[in-house]
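Subject: Structure for your attention

Dear colleague,

I am handing over the structure below, and after it I set out what was found. Please read the notes with the model open beside them.

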Amino acid sequence: MKGDYLGEFEEIVMLAAATLYDEAYGYAIQREITANSSRTPSLGAVHAALHRLESKGFLQSRLSEATTKRGGKKRRFFSLTSYGKRALETKRNLRESMWRKIPKIVFEDLE
């Protein structure tokens, strides 16, 4: 694989792609991130991350059939590879493990 580091934005893009499952294409992923976070990424940033994640082996893509609605253009759909699924699972396990280790007193003033 080209690189195995998974940055925060890349993780969010992958989570959005997983959430959308068979409907994970650039604009839908951008909408999913905007709807579920405080971020409003540009479509260009989303596409750059998608292509970077694909080159790293975390995602794979397929082209849809051309439609008249899109002026004959094909849409590129993304899905997680088994390598990408393992990377997300590793990130989640690390975060959960570290969160469990934080003493309750750290967040007492928030209650």
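I begin with a pair of helices: the axes of helix 1 (residues 8–20) and helix 4 (residues 82–101) come within 11 Å and cross at roughly 115°, where axes are lines fitted to C-alpha atoms, for helices over the stretch in contact, and angles run from 0 to 180 degrees between N-to-C directions. Helices here are DSSP runs of H or I with at least four residues, strands are runs of E with at least two, and both are numbered from the N terminus. Helix 1 passes helix 4 in a left-handed crossing, a term used if the near helix is turned anticlockwise from the far one by less than a right angle, with right-handed used if the turn is clockwise. On the helix 1 side the contact involves Glu11, Met14 and Leu15, which meet Gly84, Leu88, Lys91 and Arg95 of helix 4, contact meaning heavy atoms within 4.5 Å. These residues divide into 3 nonpolar, 1 polar and 3 charged, with Ala, Val, Leu, Ile, Met, Phe, Trp, Tyr, Cys and Pro counted as nonpolar, Asp, Glu, Lys and Arg as charged, and the others, Gly among them, as polar.

Before going further, please note that this is a predicted model, in which local features need pLDDT of at least 70 and side-chain atom pairs count only at pLDDT 80 or more, while totals for chains, interfaces and linings use all residues. Residues are numbered from 1 along each chain as its sequence is written, and side-chain values use heavy atoms, with hydrogens and water left out.

Glutamate 11, one of the residues of that contact, is found in helix 1 and counts as buried because its relative accessibility is 8%; buried means under 20% relative accessible area, exposed over 50%, and partly exposed in between (1.4 Å probe, protein chains only). Leaving aside residues up to four places away in sequence, glutamate 11 touches Leu6, Leu88, Lys91 and Arg95.

As to the overall architecture, the protein has 4 helices and 2 strands, and from the N terminus on its elements run α-α-α-β-β-α. The radius of gyration, taken over C-alpha atoms, is 17 Å, whereas a compact globule of 111 residues would have a value near 13 Å, by a rule of 2.2 Å times the number of residues to the power 0.38. Along its principal axes the C-alpha trace spans about 60 × 30 × 20 Å, and buried residues make up 31% of the 111 residues. Among contacts with a separation of 6 or more, 51% are between residues 24 or more positions apart.

The largest nonpolar core has 23 residues, of which Leu6, Val13, Met14, Ile29, Leu50, Leu53 and Leu59 touch the most other members; such a core is a set of buried Ala, Val, Leu, Ile, Met, Phe, Trp, Tyr and Cys residues joined through side-chain atoms within 4.5 Å. Two or more residues each come from helix 1, helix 2, helix 3 (43–56), strand 2 (76–80) and helix 4, and the largest share, 6 residues, comes from helix 1. Valine 13 touches Ile29, Ile33, Ala49, Leu50 and Leu53, again not counting residues up to four places away in sequence.

Two loop residues may also interest you. Tyrosine 21 lies in the loop between helix 1 and helix 2 (26–36) and has a phi near 50°, a positive value in a residue other than glycine. Most residues other than glycine have a negative phi. With 61% relative accessibility, tyrosine 21 counts as exposed. Proline 41, in the loop between helix 2 and helix 3, is by contrast buried, with a relative accessible area of 10%, and touches Phe9, Gln30, Ile33, Thr34 and Val46, not counting residues up to four places away in sequence.

With best regards
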